Amino acid sequence: MYTLHWHPMASSYAPMAMLEEIGEPYEARRVDYEGGENQSPSYLRVQPLGLIPALGFADGGSMFESAAILLFLCDRHRRADLAPGVEEPERAAFLQWLFFLSDTLYPAYNHYYRPQKYTTDPSGTAAIGEAARAAFTHHWGILEDRLRAEGPWLLGKRFSACDIYMHMISSWDDDPAALYAAFPRLRDVAAGVMQRPACRKAFDRHKYKSGLEPA
């Protein structure tokens, strides 16, 4: 049995959706971020930076980093078919897009929402935020082009954990509805992910805006 250490405003939606998709029993253990539990000695043994989420194992071990959790669950629970196996040609594209999302797009949102963490000069925070918005807008354009050319999913006709992870990040936007208006193929992915009962169950436990409501 797994334990998912999560919080509604953290990047735990995608790991929770994965756990729901694979159908394995797990405990969803909400971390009291507001009360500082994420900086407690017990939680720091699970995640040394005090970040959320983390995944605990029955043997007492654990792991962190949301994309790594997705990849681990995909490979351990192959029957869920949420990632190509290492022997499949699509594996390269799967890894490429998962790491593009986690290592390129995700950090741009961190810089946008927390610019003060990336400078020692308070007068520079506005410029960091502006640059971050320009960066993630460009990155969304790359993903939109991919979906337009190869869609409807990031791996073409094959739904994968990449689509769940991409949906999570898009839900962090200031205005997901405007984001989806600018990138309609991305909106199609979001709508498709939300139609999956497992993903919808996880999404509803978080506080993200769907951006899919009728105008």
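Me: How many strands does the open sheet have, and in what order do they stand?

Reply: Strands are DSSP runs of E with at least two residues, helices are runs of H or I with at least four residues, and both are numbered from the N terminus. Two strands pair if DSSP finds at least two bridges between them. Here 4 strands form an open sheet in the order S2-S1-S3-S4, and the pairing is mixed. S2 (26–30) and S4 (62–64) are the edge strands; each has a single partner strand, so one side of each lacks a neighbour in the sheet. From one strand to the next, the twist averages 20 degrees. The model is predicted: local features need pLDDT of at least 70, side-chain atom pairs count only at pLDDT 80 or more, and totals for chains, interfaces and linings use all residues. Residues are numbered from 1 along each chain as its sequence is written, and side-chain values use heavy atoms, with hydrogens and water left out.

Me: In which sense do S3 and S4 pair?

Reply: Strand S3 (residues 54–56) pairs with S4 in the antiparallel sense over 3 bridges. Within this pair, Ala-54 stands opposite Phe-64 of S4.

Me: Which strands does helix H1 touch?

Reply: Contact means heavy atoms within 4.5 Å. Axes are lines fitted to C-alpha atoms, for helices over the stretch in contact, and angles run from 0 to 180 degrees between N-to-C directions. Helix H1 (residues 13–22) packs on the sheet and touches S1 (2–6), S2 and S3, its direction making about 155 degrees with that of S1. Helix H3 (residues 66–76) lies across S1, S3 and S4, at about 125 degrees to S4.

Me: Is Val-46 buried or exposed?

Reply: Buried means under 20% relative accessible area, exposed over 50%, and partly exposed in between (1.4 Å probe, protein chains only). Val-46, in the loop between helix H2 (41–44) and S3, has a relative accessible area of 17% and is therefore buried. Apart from neighbours within four places in sequence, Val-46 is in contact with His-5, Ala-54, Ser-62 and Phe-64.

Me: How do the residues of the lining of the largest pocket divide?

Reply: Ala, Val, Leu, Ile, Met, Phe, Trp, Tyr, Cys and Pro count as nonpolar, Asp, Glu, Lys and Arg as charged, and the others, Gly among them, as polar. By that scheme, the lining of the largest pocket has 19 nonpolar, 9 polar and 7 charged residues. A pocket is an open set of points on a 1 Å grid over the protein atoms alone, where a 1.4 Å probe fits, with protein on both sides within 12 Å along at least five of seven lines; lining residues have an atom within 4 Å of a point. H4 gives the most to this lining, with 8 residues.
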